[in-house]
Amino acid sequence: MLKESDVIIRPMIPEDIPAVMRIENSTNPTPWSEKIMHDCINVGFKCWSLLVNGEVMGYAIYVLSLHQCHLLNFRLDTALHGQGYGSFFLQHCLDETLKEGVAWMVLEVRPNNLAGQALYKKFGFTQISIKDKYYDDGGGVFEDALVYGLWIKKK
Ligand SMILES: CC(C)(COP(=O)(O)OP(=O)(O)OC[C@H]1O[C@@H](n2cnc3c(N)ncnc32)[C@H](O)[C@@H]1OP(=O)(O)O)[C@@H](O)C(=O)NCCC(=O)NCCS
């Protein structure tokens, strides 16, 4: 279970990307490339790494534009799933977003991603729309995305 004292959340650095890619490739049906990860850091997207006992075990990437935060990627190593780390990490992202003066967060989640949906609903996200054929799974296969939104409240 989550042991907060073992966890550090800090901005992602290029040296984290091998571990990030290991997690990406094992949890994302359509993984982002290493280049995209580097680009996210370089263009100034908000990129956080979650370290447990000094090892990169998760990451979050979002972009702030005007009054909206778009959560683009949020993943944990499978060894951590279901132990409270996702909640701890998402709370960090919500707090940081509010600190930037942004209170509206949106994200996409696959209809079959019950863990993701459970996490987001726990924080009060609600489904606001559907994006048709959002995920391109290759070979002409597409999947819709559920779009979730949340007005972030101060704790
Ligand atoms: C989605 C993800 C970040 C959730 O992180 P996590 O550490 O497992 O989440 P938590 O342990 O904090 O659980 C959060 C809530 O979701 C629920 N939950 C977790 N896994 C679940 C599952 N497989 N099915 C249903 N509910 C689940 C928990 O019960 C918990 O609610 P509770 O605190 O009221 O009991 C993690 O599973 C993950 O990295 N998945 C792969 C990547 C991914 O899908 N990212 C989201 C893309 S949109």
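With 9 C-beta neighbours inside 10 Å, N53 counts as exposed; a residue is exposed if 12 or fewer other C-beta atoms lie within 10 Å of its own, buried if there are 20 or more, and partly exposed in between, with C-beta atoms placed from the backbone. The model is predicted, so local features need pLDDT of at least 70 and side-chain atom pairs count only at pLDDT 80 or more, whereas totals for chains, interfaces and linings use all residues. Residues are numbered from 1 along each chain as its sequence is written.

N53 is placed in the loop between β2 (46-52) and β3 (55-65). Helices (H or I, at least four residues) and strands (E, at least two) are DSSP runs, numbered from the N terminus. The phi angle of N53 is near 50°, a positive value in a residue other than glycine. A positive phi of about 50° is also found at L66, which is not a glycine either. L66 lies in the loop between β3 and β4 (68-76). With 6 other C-beta atoms within 10 Å, L66 is exposed.

The chain as a whole contains 4 helices and 7 strands. Their order along the sequence is β-α-α-β-β-β-α-β-α-β-β. For 155 residues, a compact globule would have a radius of gyration near 15 Å, and the 15 Å of the chain agrees with this. The radius is taken over C-alpha atoms, and the globule rule is 2.2 Å times the number of residues to the power 0.38. Along the principal axes, the C-alpha atoms fill a box of roughly 40 × 40 × 35 Å. Of the 155 residues in the chain, 26% are buried. Among contacts between residues at least 6 apart in sequence, 57% join residues at least 24 apart. Two residues are in contact if their C-beta atoms, placed from the backbone, lie within 7 Å.

Helix α1 (residues 17-27) and helix α2 (residues 34-42) have axes that come within 10 Å and cross at roughly 125°. Axes are lines fitted to C-alpha atoms, for helices over the stretch in contact, and angles run from 0 to 180 degrees between N-to-C directions. The two helices, α1 and α2, are therefore oblique to each other. Angles under 35 degrees count as roughly parallel, over 145 as roughly antiparallel, 65 to 115 as roughly perpendicular, and the rest as oblique. The crossing of α1 and α2 is right-handed, a term used if the near helix is turned clockwise from the far one by less than a right angle, with anticlockwise giving left-handed. On the α1 side the contact is made by I17, V20 and M21, and on the α2 side by E34, M37 and H38. By class, this contact of α1 with α2 has 4 nonpolar, 1 polar and 1 charged residues. Ala, Val, Leu, Ile, Met, Phe, Trp, Tyr, Cys and Pro count as nonpolar, Asp, Glu, Lys and Arg as charged, and the others, Gly among them, as polar.

A60 is placed in strand β3 and is buried, with 23 other C-beta atoms within 10 Å. Leaving aside neighbours within four places in sequence, A60 is in contact with W48, F74, F89 and C93. A60 and C93 are 33 residues apart along the chain, and their C-alpha atoms are separated by 7.8 Å. Q68 lies in strand β4 and counts as partly exposed, with 15 C-beta neighbours inside 10 Å. The C-alpha atoms of Q68 and A103, 35 residues apart along the chain, are separated by 7.1 Å.

The loop between β4 and α3 (85-99) contains L80, and T78 is also placed in the loop between β4 and α3. L80 is buried, with 20 other C-beta atoms within 10 Å, whereas T78 counts as exposed with 11 C-beta neighbours inside 10 Å. Not counting residues up to four places away in sequence, L80 touches M57, G58 and Y85, and T78 touches S26 and T27. L80 and V52 are 28 residues apart along the chain, with a C-alpha separation of 9.7 Å. T78 and L90 are 12 residues apart in sequence and 16 Å apart in space, C-alpha to C-alpha.
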